[in-house]
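This report looks at helix packing, a pocket and a sheet, in that order.

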Amino acid sequence: MWEAPVFTERTSVGLDVHARSVVAAAIDGVTGELVQTRLTPSHEHIRSWLNGLHGPVAVAYEAGPTGFGLSRSLTAAGIRCEVVAPSKLQRPSGDRVKTDAKDALHLARLLRLDEYTSVSIPSVEQENARDLVRAREDARGDLMRARHRLSKLLLRQGIVYSDGKAWTGAHEAWLRRQRFDGPALQMTFESDFDAVLTVRARRDRLDQAITAMAADSEFTPMVRRLGCLRGVSTLTGFALAVEVGDWHRFTGNTIGSFVGLVPSEYSSGQSRVQGSITKTGNTHVRRLLVEAAWHHRARYVAGKTMRDRWELASPAARARGDAGNTRLHQRWARFNQRRKRHVIANVAIARELAGWCWSLAVLED
């Protein structure tokens, strides 16, 4: 039978944490006393105030841009600290007044009732690796925008590259040969072209750093197991490993919901209506899975690249990866037979691919 959680500490504390201020609300479970105050963001100041309350104390604050430093500091001091997922907080629908003090009090009450959903707290090493992956994602977006600016500048001048695929060595040589009569236009072109080269170099440096970390870090075994699936390269596997973190929080069915690849639903009574995917959760992981899913559309043949990845993984991971690749391609083939729209079919493949990734991530070597 399911057993409801029980709040064991005497005092529950809610913190509304901002960059320059922290609003706190504490509820004493014995006397019912409510204490509210405004603190500085200093971890020492917060710990000192918490030590003045009737113990033991439990603390909750919302996940946000301030990070997990406060949680680590309080945990190291022996204080239970929960970092709450903001999207999962229960809020009264009729409440139209929002203040920092009310938010802190609301957190303190939810903590006492155990009506909250905590996020996974990464280690310092995991968070550093996640920041590296996100820096690479930012560089990818910056490079795409820089290339668009340059290509659209040329398009406005009636110049279009038509000798093959763009952004190759031949295309770059063609760009270097472009000259313009107007000094202002020439300066604009050189500025945009230089931006492309600079951002590309930054992306390549980050790729090298990620490749080196993926080859020798705590994530290496998981990256090698994930690489047994088509479309999951070293960069993709490393990003999936560090972004999800603790894969054991999920199952093969719930991982799709975490990355927002499940259909939304509006059902009441006898009616059941499903809409587009929810697009909640980790946007970066969802994009990686959708991109990887396209690789399963082509006929499945274990080529040299795939076999080289398999050599780095265990026999169990290779067998599971091969089964996943076969299954996902067969699903693509059935979608094609039914003339399903490719973008819709690919999202369905990405949802199942998330389950196969989970299966490999939790697989014991």
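In this predicted model, the axes of helix 10 (residues 283–293) and helix 13 (residues 342–361) cross at roughly 110 degrees and come within 8 Å of each other. Angles from 65 to 115 degrees count as roughly perpendicular, and helix 10 and helix 13 are therefore roughly perpendicular to each other. Helix 10 makes the contact through L289, V290, A292 and A293, while helix 13 contributes N346, I349, A350, L353, A354 and C357; of the residues in this contact, nine are nonpolar, one is polar and none is charged.

Helix 10 is also one of the helices that each supply at least two residues to the lining of the largest pocket, alongside helix 4 (124–156), helix 7 (220–226), helix 8 (234–244) and helix 9 (255–258). The largest contribution, five residues, comes from helix 4. The pocket holds about 1300 Å³ of space and is lined by 46 residues, with V119, S120, E243, R249 and F258 nearest its centre; the lining divides into 19 nonpolar, 17 polar and ten charged residues.

Five strands form an open sheet of mixed pairing in the order 3-2-1-4-5. Strand 3 (34–39) and strand 5 (80–84) stand at the edges with a single partner strand each, so one side of each has no neighbour in the sheet. From one strand to the next, the twist averages 20 degrees. Strand 1 (residues 11–17) pairs with strand 4 (residues 57–62) in the parallel sense over five bridges, and T11 has V57 as its bridge partner in strand 4. Two helices lie across strands of the sheet, as tabulated here.

| Helix | Lies across | Angle |
|---|---|---|
| Helix 2 (residues 69–76) | strand 1, strand 4 and strand 5 | about 160 degrees to strand 5 |
| Helix 3 (residues 100–113) | strand 1, strand 2 (22–28), strand 3, strand 4 and strand 5 | about 140 degrees to strand 1 |

How values were computed
Residues are numbered from 1 along each chain as its sequence is written. This is a predicted model: local features need pLDDT of at least 70, side-chain atom pairs count only at pLDDT 80 or more; totals for chains, interfaces and linings use all residues. Side-chain values use heavy atoms; hydrogens and water are left out. Axes are lines fitted to C-alpha atoms, for helices over the stretch in contact, and angles run from 0 to 180 degrees between N-to-C directions. Helices (H or I, at least four residues) and strands (E, at least two) are DSSP runs, numbered from the N terminus. Angles under 35 degrees count as roughly parallel, over 145 as roughly antiparallel, 65 to 115 as roughly perpendicular and the rest as oblique. Contact means heavy atoms within 4.5 Å. Ala, Val, Leu, Ile, Met, Phe, Trp, Tyr, Cys and Pro count as nonpolar, Asp, Glu, Lys and Arg as charged, and the others, Gly among them, as polar. On a 1 Å grid over the protein atoms alone, a cavity is a set of points where a 1.4 Å probe fits but cannot get out, and a pocket is an open set with protein on both sides within 12 Å along at least five of seven lines; lining residues have an atom within 4 Å of a point. Grid points are joined across faces, edges and corners, and a volume is the space filled by probe spheres set on the points. Two strands pair if DSSP finds at least two bridges between them.
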